[in-house]
Amino acid sequence: MDFLTIIPIGIWLWLGIGGILPKFLLDSSEAERRVVFQSIATLAGTTAGLTLTSVSILINLIRTPLGVLDKVLLEGDKRQVGSVFLSALPKLAMTTIIALAAVSLDVLWDGRIRQIGLDIVVLWLASASVLAMARIVWVLRRLLDLSM
């Protein structure tokens, strides 16, 4: 479901081609695009590390007998909580890799078609990652509410 963020990005591109909105990062300089791509790569990599750390903490909480999670969650719910965390990792990793590639390729390649494609892919993966992280925050919030 996170990858459905391509729909609003496609609408944005369509409106940009029509001159209604700015065309992603096409209207910005190479240096400005590089800052955006580097920021996205940094944020995605950092949150991937945080998510991976959270998974290890979650595994320890689930393994602990008679822990707080045992009192509030059923066995199937524990699997769902784990899958929410684990499903975010590939999106964050892809976002980091593609954004780093975009930083490198933006300097080497030129041409509007390549730039539009690169902008779409980076923004698409970044928005999918944001939705995955929002779901993690929602799950954590629910777990905190249940445990109190």
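Predicted model: local features only at pLDDT ≥ 70, side-chain atom pairs only at ≥ 80, totals over all residues.

Residues are numbered from 1 along each chain as its sequence is written, and side-chain values use heavy atoms, with hydrogens and water left out.

Q: Which pattern does the protein follow along the sequence?
A: Helices (H or I, at least four residues) and strands (E, at least two) are DSSP runs, numbered from the N terminus. The protein has five helices and zero strands. Its pattern is therefore α-α-α-α-α.

Q: What percentage of the residues in the protein is buried?
A: Buried means under 20% relative accessible area, exposed over 50%, and partly exposed in between (1.4 Å probe, protein chains only). The protein has 148 residues, and the buried share is 36%.

Q: Is Leu4 buried, partly exposed or exposed?
A: Leu4 sits in the segment before α1 (6–17). Its relative accessibility is 45%. That is why Leu4 counts as partly exposed.

Q: How far apart in space are Ala93 and Gly49, C-alpha to C-alpha?
A: Ala93 is in helix α4. With a relative accessible area of 34%, Ala93 is partly exposed. In sequence, Ala93 and Gly49 are 44 residues apart. In space, the C-alpha separation is 9.5 Å.

Q: Which helix gives the largest share of the lining of the second largest pocket?
A: A pocket is an open set of points on a 1 Å grid over the protein atoms alone, where a 1.4 Å probe fits, with protein on both sides within 12 Å along at least five of seven lines; lining residues have an atom within 4 Å of a point. Among those lining the second largest pocket are Leu73, Asp77, Trp138 and Arg142. α4 (75–108) and α5 (112–147) each supply at least two residues. The largest share, five residues, comes from α5.
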